[in-house]
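Q: Could you take me through this model piece by piece? I'd like the terms spelled out along the way.

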Amino acid sequence: MFRRLLLIFTVLTLCLGQAMADSLKISVIGAGKVGGTLGTLWAKAGHEVMFSSRHPETLTELVKAAGPTARAGSVSDAAQWGEVIVLSVPYGAMPVLSEQLKGKLDGKVVFSTSNPFSSRDGEVGRKALELGVALADQQYLPEAHLVRAFNAIGYAAMKEQSGSGKAIPTFADDDQARELGARLVRDAGFIPVLLPLVRADEGLPGGPLSGVLSEAELKYRLGE
Ligand SMILES: NC(=O)c1ccc[n+]([C@@H]2O[C@H](COP(=O)([O-])OP(=O)(O)OC[C@H]3O[C@@H](n4cnc5c(N)ncnc54)[C@H](OP(=O)(O)O)[C@@H]3O)[C@@H](O)[C@H]2O)c1
């Protein structure tokens with residue numbers, strides 16, 4: 001009996017150790033509608049998640065709802081702690097964040113859902129749309145390995161359609177960003193369809209790849 005209990009305990013400990021080893025440390029900068037939704041999906045999938053805010057004391061309810069692998073921190077804490085940094089802010093915040101995050105990303109993957117709108121983000125949004133959103137991101141965050149995803153699916157659909165076989169265009173160029181980006185999309189309950197950053201504007205709201213699409217529908221739009 002004792003030996004059987006010891007065996008069960010050992011197997012459980014090994015499983016827990018393996019699960020911890022497989023989990024990522026994900027920092028969310030901008031824990032609003034999108035950051036809060038995606039971060040919660042990743043926490044429920046077993047990842048460690050730090051939600052951050054300029055006012056981290058406001059995140060208590062979100063952290064509690066996301067479960068025991070979630071925590072709260074400042075924007076600087078988040079930049080330092082995570083192995084992947086999820087950026088989910090109004091694009092107008094990019095110049096401030098660029099200054100704040102300078103020297104702190106150290107080759108990390110930055111996963112951005114942030115979209116520019118000239119109506120909301122003024123001159124910053126207008127310039128990013130003119131230049132192309134991925135190039136603008138790279139000018140603001142030159143040290144980061146960039147991946148862009150979940151840019152044109154509403155936050156409510158992220159929660160409701162998770163696990164229902166929907167595809168997400170996932171824009172990245174280098175191997176590290178492609179691999180981690182695809183994993184995060186998958187672990188949020190969607191199918192990543194990898195595309196180069198040069199096509200990122202097509203994934204903006206109203207763009208030809210926007211909407212909640214099946215993999216077949218997305219590939220049809222891509223002409224595949
Ligand atoms: N809403 C959607 O369905 C949807 C879907 C796809 C993509 N997007 C895009 O994703 C981004 C986030 O959208 P959202 O709807 O989640 O917005 P949101 O609910 O307004 O949340 C944005 C968060 O950004 C943070 N923030 C603002 N300025 C900041 C700064 N200077 N430094 C750090 N954090 C800052 C705010 O956090 P604190 O005030 O707590 O610091 C806020 O919680 C936007 O670019 C949006 O266009 C939205």
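A: Helices (H or I, at least four residues) and strands (E, at least two) are themselves DSSP runs, numbered from the N terminus. This is a predicted model, in which local features need pLDDT of at least 70 and side-chain atom pairs count only at pLDDT 80 or more, while totals for chains, interfaces and linings use all residues. Residues are numbered from 1 along each chain as its sequence is written.

Q: OK, which residue stands opposite isoleucine 85 in E5?
A: That is valine 110. Strand E4 and strand E5 (residues 109-112) pair in the parallel sense, over four bridges.

Q: And how many bridges join E1 to E4?
A: Four bridges join strand E1 (residues 25-29) to E4, and these two strands run parallel; within that pairing, valine 28 stands opposite valine 86.

Q: Which way do the side chains of E4 point?
A: In strand E4 (residues 84-87), Val84 and Val86 point one way and Ile85 and Leu87 the other, and all are buried, where buried means that 20 or more other C-beta atoms lie within 10 Å of a residue's own, exposed means 12 or fewer, and partly exposed is in between, with C-beta atoms placed from the backbone. In a regular strand the side chains alternate between the two faces of the sheet.

Q: What do E4, H5 and E5 make together?
A: They make a right-handed β-α-β unit; a crossover is called right-handed if, with the strands pointing away from the viewer, the path from the first strand over the helix to the second runs clockwise.

Q: Switching to E2, how many of its residues are buried?
A: Four of the five residues of strand E2 (residues 48-52) are buried, and the strand is mostly covered. Five bridges join E1 to E2, which run parallel, and the bridge partner of lysine 25 in E2 is glutamate 48. The chain crosses from E1 through H2 to E2 in a right-handed β-α-β crossover.

Q: What comes on the E3 side?
A: E2 pairs with strand E3 (residues 70-73) in the parallel sense over four bridges, with alanine 70 in E3 as the bridge partner of valine 49. Here the chain crosses from E2 through helix H3 (residues 60-66) to E3, and this β-α-β crossover is right-handed as well.

Q: Why is H2 described as largely enclosed?
A: Ten of the twelve residues of H2 are buried, so the helix is largely enclosed by the rest of the structure; among the buried ones are Val34, Leu38 and Trp42. H2 reaches 17 Å from its first C-alpha to its last, close to the 16 Å expected at 1.5 Å a residue, the expected span being 1.5 Å times one less than the number of residues. Glycine 46, whose phi is positive, near 105 degrees, follows H2.

Q: Why does tryptophan 42 count as buried?
A: Tryptophan 42 counts as buried because it has 26 C-beta neighbours inside 10 Å. Not counting residues up to four places away in sequence, tryptophan 42 touches Ile26, His47, Val49, Leu184, Asp187 and Ala188, where a contact means that the C-beta atoms, placed from the backbone, lie within 7 Å.

Q: Now the ligand: how many residues surround it, and which are closest?
A: The ligand is surrounded by 25 residues, the closest being Gly30, Gly32, Val34, Ser53 and Ala93, and a residue is near a molecule if its C-beta atom, placed from the backbone, lies within 6 Å of it. The elements giving two or more residues to this shell are helix H2 (33-44) and helix H5 (94-101), and the largest share, three residues, comes from H2.

Q: What is the shell like by class?
A: It has twelve nonpolar, eleven polar and two charged residues, counting Ala, Val, Leu, Ile, Met, Phe, Trp, Tyr, Cys and Pro as nonpolar, Asp, Glu, Lys and Arg as charged, and the others, Gly among them, as polar.

How values were computed: Two strands pair if DSSP finds at least two bridges between them. Two residues are in contact if their C-beta atoms, placed from the backbone, lie within 7 Å.
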